[in-house]
Amino acid sequence: MESVIITGGTGLIGTALTRLLLERGYKVTILTRRPENGSNKAVSYAHWNVDTQTIDKAAIQEADYIIHLAGANVADKRWTAARKQEIVDSRTKSSELLFTALQTIPNKVKKVISASATGYYGEFKDHAFTETDPAYTDFLGTTTKAWEDSISKVTTLNKKLVIFRTGIVLSRDGGAIKEFYKPLRFGFATVLGSGEQFVPWIHIHDIVRLYFNAIVNDKLEGVYNAVSPNPVTNRELIHSMGRIAKGGSFMTTYVPTFALKIALGEMSIEVLKSVKASASKIQQTGFQFSYPTIDEAMEQLFSR
Ligand SMILES: NC(=O)c1ccc[n+]([C@@H]2O[C@H](COP(=O)([O-])OP(=O)(O)OC[C@H]3O[C@@H](n4cnc5c(N)ncnc54)[C@H](OP(=O)(O)O)[C@@H]3O)[C@@H](O)[C@H]2O)c1
């Protein structure tokens, strides 16, 4: 039985990915700051501490694959200087801890598969960003670049590496959809800013299938945009949710840009920046999205 470590496996993507890996017969070990809180009896929980750079040795010795998802949530809290530091450190220092562990602990890890984000890219102008476009110079751009650089060091240890530059993950269990849906429960489809900004998105089933694919497809290596091939604007996304979740009976309201900037501070860029990323590279590997259009994704999310 092959063994997979998932760092930050207690989160939104990790929970869904754990389910799939267990179904497919893998042993799953979640590296977490609090193994005592682990609730899934089918999973092993192992401790690590990014601040003190300590990690469970046995977990590293046993692993065939490492999936690196850990990182302080970018949308949970206002971006104070301290929070920004935590967002960066939780990613780069955790990558460094994995690198040191792989360098110093005898292991048979074949591949490391790491999250990154489409926050890597700048504002959409005339083309959908491809994987060779440079990182943007804002906070998310420099953070994702530092994150990717820090995990890329594992290739010097002869480990294969896959990085998924992930768009907004659509799930009923958390993340953006949970927030977008709140006003819709009361009949308001709330569009952010002008609503014309492009949202790079991916359905939770597809991002989980991509991670799984990176394990089973030996040839998959390098950086891939993990976004659906059909980007939509924020208004199109909210209206699709309204049509499908509410049968079309909703009223559109707008939260003006200035109000978002006051409420969210610098973090407002997360919802206001227009980013279009291309799915071509991952599609060329033969990967087929289960939910390629926003309506198909919303149908699946709201038909349970
Ligand atoms: N969800 C999205 O829309 C999306 C989009 C683009 C990229 N991503 C990236 O994909 C990864 C997984 O996303 P997700 O939505 O599953 O994230 P999530 O639900 O926020 O979970 C991330 C996990 O990281 C661990 N973590 C949090 N703060 C940490 C810290 N300061 N130091 C070390 N570990 C920490 C936590 O595990 P423990 O508490 O168990 O230690 C947490 O369960 C993240 O790196 C995220 O940035 C997500």
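**Where two helices cross**

The axes of H1 and H6 cross at roughly 60° and come within 9 Å of each other; axes are lines fitted to C-alpha atoms, for helices over the stretch in contact, with angles from 0 to 180 degrees between N-to-C directions. H1 and H6 are therefore oblique to each other (under 35 degrees counts as roughly parallel, over 145 as roughly antiparallel, 65 to 115 as roughly perpendicular, and the rest as oblique).

Please keep in mind that this is a predicted model, in which local features need pLDDT of at least 70, side-chain atom pairs count only at pLDDT 80 or more, and totals for chains, interfaces and linings use all residues. Residues are numbered from 1 along each chain as its sequence is written.

Which residues make the contact? From H1, Ile13, Ala16, Leu17 and Leu20 meet Ile204, Ile207, Val208, Tyr211 and Phe212 of H6 (in contact means C-beta atoms, placed from the backbone, within 7 Å). By class, this contact of H1 with H6 has nine nonpolar residues, no polar ones and no charged ones; Ala, Val, Leu, Ile, Met, Phe, Trp, Tyr, Cys and Pro count as nonpolar, Asp, Glu, Lys and Arg as charged, and the others, Gly among them, as polar.

H6 (residues 204-216) lies across S1, S5, S6, S7 and S12, running at about 170° to S7. Helices (H or I, at least four residues) and strands (E, at least two) are DSSP runs numbered from the N terminus. The open sheet has eight strands in the order S4-S3-S2-S1-S5-S6-S7-S12, with mixed pairing (a pair needs at least two DSSP bridges). Its edge strands are S4 and S12, each pairing on one side only.

S3 and S4 pair in the antiparallel sense over two bridges, with Asn49 opposite Thr54. Four residues lie between the strands of this hairpin, where Gln53 takes a positive phi near 55°.

H1 also has a part in the ligand site. Of the 25 residues around the ligand, Gly8, Gly11, Thr32, Gly71 and Ala115 come nearest (a residue is near if its C-beta atom, placed from the backbone, lies within 6 Å). H1, H3, S6 and S8 each give two or more residues to this shell. By class, the shell has 11 nonpolar, 11 polar and three charged residues.

Terms used:
Contact = placed C-beta atoms within 7 Å.
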